[in-house]
Amino acid sequence: MNKLFSIGFWSATARFILRNRVFILIAIAAFTVFLGMQWKHMRFTYTEANMLPDDHEINQEYNEFLDKFGEEGNLIVYGVKDSLLFTPSHFNAWNKLSMELGTAPEVDLTLSVGDLQKLEKRKDSVGFVMVPLVQDSILNKKQLDKLQYELFEKLPFYSGLVYSPDKKSVRTAVYLKKDIVNTPARKIFIEEVLIPKIAAFEKETGIKVYTSGMPYIRTLNSQNIIDEIGMFIGAALLVTSLIFFFFFRSYRATFISMITVIVGVLWAFGILGLLKYEITVLTALIPPLIIVIGIPNCIFLINKYQQEIQLHGNQAKSLQRVIAKVGNATLMTNVTTASGFATFILTNSQLLKEFGVVASICIIAIFLLCLLIIPIIYSFMPVPKNKHLKHLNKRWINSFVDWMEKMVRNNRIAIYIVSIGLLCLSIIGIYTIKISGSLIEDMPKKAEFFKSIRFFEKEYKGIMPLEILIDTKRKKGVMKLATLKRMDELQTYIEEIPEFSKPLSIVDLVKFSKQAYYNGNPEYYQLPNSQERTFILSYAKSSASDTNLLTSYVDSTGQYARITAFMADTETDRFDRIEEDLKAKALKLFPEDRYNVTLTGKALVFQKGTKYLVNNLIISLSLAILLIALFMAWMFRSFKMIIVSLLPNLLPLIITAGLMGFLGVPIKPSTILVFSIAFGISVDDTIHFLAKYRQELIANDWKIKKSVYAALRETGVSMFYTSIVLFFGFSVFTISSFGGTVALGALVSVTLVFAMLANLLLLPSLLLSLEKSIANKKTFKKPALRILPESMEDEDNISEEK
């Protein structure tokens, strides 16, 4: 009954498709128009991808920090390392640039050499007043020399903030208004105000300006992602169409396939808009992925159609058999591929969930489009001529199939030895893999903003903020001298860590206050002693609101303080050691009964998010393997067949992981995706081979060897074609400027080549070697996968209906 139901279902499906050709094409066109209307809801992300779930402890601590002090990632910096800056004309141009940016409505304040202020004692009351360091325009070199001396030698407060510790470079800090940091206004300001004005300064002075800061990096990085979407789609279409034409030598087949996948791309964008998901570095990969994954569907369907035409020349019977025979197997291969992506939905990362949802929906959608469009379009066309079928008898492809058959027939021991050898080498390589939590590792190395990141790392130790939140557990506890001393000691400890810039907190303002109290003598840039405490702190408190400097480093109640340090790009292992040491030092300085100290900030959130994502992706890969094993169990109802079918697909993953270890490619969000994607795709070849193998078993009265070689010959060509398309299709991603996307494309391509060889050599070898225990009637007694045997007459011949 099960067998008859499966046969009847696919025969009925074939009848329905070919009876309602015009209606289906109209429905596809209408749905494409509907999804096209959803494009207006597509939006590009303006926020950083948070890889941690909302309820994660690290996220909760970070949100608590933001509640008290607001958005931290609002700083843009631009700097120069050029002695020519300190000439009157260039310096005035530098000051003018800062003033013009400071007047922009998106800017909260700027901190540049030209608008720096110094603290001086009030003469009329207790407190300090901020006095501009530069009173008027600089007119001569003598004035500049005096300014340089005062800035570099008498104002240590600005060291590491405005000028580098070695006093060879200066920078300007631009603080954006916190409420626009994660909105389109940020992008408009950077692209239409900041970049043009800095370019104008460079043109006027000939001085190279380096620009960085999280808002700036995020804006340019996002624009790179947007620019690459079109490039990927164009390259994927070009590469796959050329390869497709090379194999089939048919403009007709190539054109039909390209139309089908282009509709799939339109649907992918429409689904993104319909679900109102943001376009991120991951979802941007989906449209070209649909092209790369859709073309193999076209190859299997068109190849089968042409084989049937060559066999009997009846177009109606050929189309019916294409849908009935290939449709079921292609459905299962697309379901397994979609399952590989769908496992991302089970992670707690919103970024991965959205990627998994859209990718899995789009893969099923491209399967339906291929199953509907290709047979329908061919039904309106004349029967392919002999010249269109020549590729089926190409000598070189036949030579490749002969080589595979010879290897499986005569060299199975060699295949096993090579497989075991590669397995052992790969396991050695796996032990050398490192995890990378680098924020900038995947960024475009040739981009100007990447060079600027390296500049600021060298001159100022980094741009990634690490925040330390100190809760004194009582109002106004921050300004207690004991608390300030503890904070100062912690800051001194942080400053000794080479990866950190000079930290900044209310302690620096208090030190600045003491220096000002002693008439600006830099020797007094230190915390007040117990005798000075009362009057120095009273001066600092009374002037804090007037200075508009560092007031954001203590909350309104005076209970919470923050210490901000900027961190260089740091390896995950090193970061973990730094974090552990920092926590131990903080615990020692701030007793738990009197203080609560929390490490947070974007640097920490990103590092923890990377680790969390890697752990989740390992789980998702395990789930993908389990899910696909269940598919195999459902299709073949045999535990032994599950093991045999999984081995050729797990081995390529292990080999790729080993290569990553030997080549020094770290585990990171972009590279861990490789395994789930490649596994879901490579299993397709296994399903096609085993489906044909079982079909041949029935047709050949369970003669094992004959069935294996017959399955190898028929599926080998299609598997080779699809693997080549997938290899070059995924290789398209290597033209990306993003290191993660390059690694993804290269590693998936390599994995799929190994998977093809494993499925064409190792899988049939295993079937032949284990034939007595797995390949018999009992093993395949009631398989769920039904494909019409070649010898079975088509009961639903629809030639008359056509």
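A cavity here is a set of grid points where a 1.4 Å probe fits but cannot get out. The structure is a predicted model. By this rule, 10 cavities of 30 Å³ or more are counted. Rolling a probe the size of a water molecule over the atoms shows where empty space is left.

Take the second largest cavity. Its volume is about 160 Å³. Its lining is made of 18 residues. Nearest the centre are Pro296, Ile681, Asp684, Asp685 and Leu726. H21 gives the most, with 5 residues. What is the make-up of the lining, in nonpolar, polar and charged residues? The lining divides into 8 nonpolar, 8 polar and 2 charged residues.

Now turn to the packing. In soluble globular proteins, nonpolar side chains tend to be buried together. The largest nonpolar core in this model has 142 residues. Phe341, Phe689, Tyr693 and Phe730 have the most contacts inside this core. Helix H11 (residues 350–379) supplies the largest share, 18 residues.

Phe689 deserves a look of its own. Leaving aside residues up to four places away in sequence, Phe689 touches Val708, Ala711, Leu712, Thr715, Met719, Leu763, Pro764 and Leu767.

Last, the backbone. Most residues other than glycine have a negative phi, and most peptide bonds are trans. Lys276 has a positive phi of about 60°, although it is not a glycine. Where is Lys276 placed? Lys276 sits in the loop between helix H8 (251–274) and strand E8 (278–279). Is Lys276 buried, exposed or partly exposed? Lys276 has a relative accessibility of 44%, so it counts as partly exposed.

Lys473 is another case. Its phi is positive, about 65°, and Lys473 is not a glycine. Lys473 lies in the loop between strand E9 (464–471) and helix H15 (481–495). Lys473 counts as partly exposed because its relative accessibility is 39%.

How values were computed
Residues are numbered from 1 along each chain as its sequence is written. This is a predicted model: local features need pLDDT of at least 70, side-chain atom pairs count only at pLDDT 80 or more; totals for chains, interfaces and linings use all residues. Side-chain values use heavy atoms; hydrogens and water are left out. On a 1 Å grid over the protein atoms alone, a cavity is a set of points where a 1.4 Å probe fits but cannot get out, and a pocket is an open set with protein on both sides within 12 Å along at least five of seven lines; lining residues have an atom within 4 Å of a point. Grid points are joined across faces, edges and corners, and a volume is the space filled by probe spheres set on the points. Helices (H or I, at least four residues) and strands (E, at least two) are DSSP runs, numbered from the N terminus. Ala, Val, Leu, Ile, Met, Phe, Trp, Tyr, Cys and Pro count as nonpolar, Asp, Glu, Lys and Arg as charged, and the others, Gly among them, as polar. A nonpolar core is a set of buried Ala, Val, Leu, Ile, Met, Phe, Trp, Tyr and Cys residues joined through side-chain atoms within 4.5 Å. Buried means under 20% relative accessible area, exposed over 50%, partly exposed in between (1.4 Å probe, protein chains only). Contact means heavy atoms within 4.5 Å.
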